[in-house]
Amino acid sequence: MARLTELALRRLIKGGETTTVEFKKGSPWPVDMAERLCGMANAQGGVIIIGVEDSERKIVGVPDARIALTKDVILRAVRQIIKPALVLDPPEPEVYEIDGKQLIVATVPPNNGFVYQSGSAF
């Protein structure tokens with residue numbers, strides 16, 4: 001998938017959460033992240049945007065000190081917890097900057113025939 005433009009990212013945020021778009025204020029535990037990514041992977045794919053408060057669609061950003069940790073949580077979820085391993089598109093979470101705040105975006109491709117599992121959840 002091509003890198004999102006700032007306008008496209010703003011539209012996703014303005015549109016709110018859907019079955020293909022999920023917001024997180026901060027990074028959840030790797031197991032929780034895996035369940036969300038797994039659900040999207042078993043359906044039509046989607047994006048998880050970290051650094052957005054879901055109830056108000058407010059961009060709060062991810063602090064510099066948490067960028068690497070947040071990306072690591074996502075990568076641990078897709079490479080170690082989800083079976084078979086899920087390959088994001090692009091393979092690494094991307095960092096975007098909007099209004100001086102950093103967001104991390106993980107793009108899950110549509111299901112390619114695999115059934116992904118995270119623990120006991122499909």
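**A close look at the sheet**

Analyst: Let's start with Glu94, which counts as buried because its relative accessibility is 14% (buried is under 20% relative accessible area, exposed over 50%, partly exposed in between, with a 1.4 Å probe and protein chains only). Before going on, note that this is a predicted model, where local features need pLDDT of at least 70 and side-chain atom pairs count only at pLDDT 80 or more, while totals for chains, interfaces and linings use all residues. Residues are numbered from 1 along each chain as its sequence is written, and side-chain values use heavy atoms, leaving out hydrogens and water.

Glu94 belongs to strand β6, residues 94-98 (strands are DSSP E runs of at least two residues and helices H or I runs of at least four, numbered from the N terminus). Beyond residues up to four places away in sequence, Glu94 touches Arg3, Leu103, Ile104 and Val105; contact here means heavy atoms within 4.5 Å. The Glu94 side chain has a polar contact of 3.4 Å with the side chain of Arg3 and another, at 2.9 Å, with that of Tyr96. (A polar contact is a pair of N or O atoms within 3.5 Å; within protein, one must be able to donate a hydrogen and the other to accept it, and residues adjacent in sequence count only if both atoms are side-chain atoms.) Lys71 lies 23 residues from Glu94 along the chain, with 8.4 Å between their C-alpha atoms.

Now for the sheet itself. It is open and has four strands in the order β1-β2-β7-β6, with mixed pairing. β1 and β6 are the edge strands, each pairing on one side only, and from one strand to the next the twist averages 25°. Two strands pair if DSSP finds at least two bridges between them.

On to β7, where seven of the eight residues are buried. β7 also pairs with β2, in the antiparallel sense over five bridges. Along that pairing, Gly46 has Val108 as its bridge partner, and Ile49 stands opposite Val105. Helix α3 packs on the sheet, touching β2, β6 and β7, and its direction makes about 10° with that of β7. (Axes are lines fitted to C-alpha atoms, for helices over the stretch in contact; angles run from 0 to 180 degrees between N-to-C directions.)

Val21 sits in β1, and its 6% relative accessibility is why it counts as buried.

Met40 brings us to helix α2, where the buried residues are Pro30, Met33, Ala34, Leu37, Cys38, Met40 and Ala41. Seen down the helix axis, the buried residues of α2 fall within an arc of 160°, so they line one face; that arc is taken from the directions from the helix axis to the C-beta atoms. They pack against β1, β2, α3, β5, β7 and β8. With 12 residues, 30-41, at 1.5 Å a residue, α2 should span 16 Å, which agrees with the 16 Å between its end C-alpha atoms (the expected span is 1.5 Å times one less than the number of residues).
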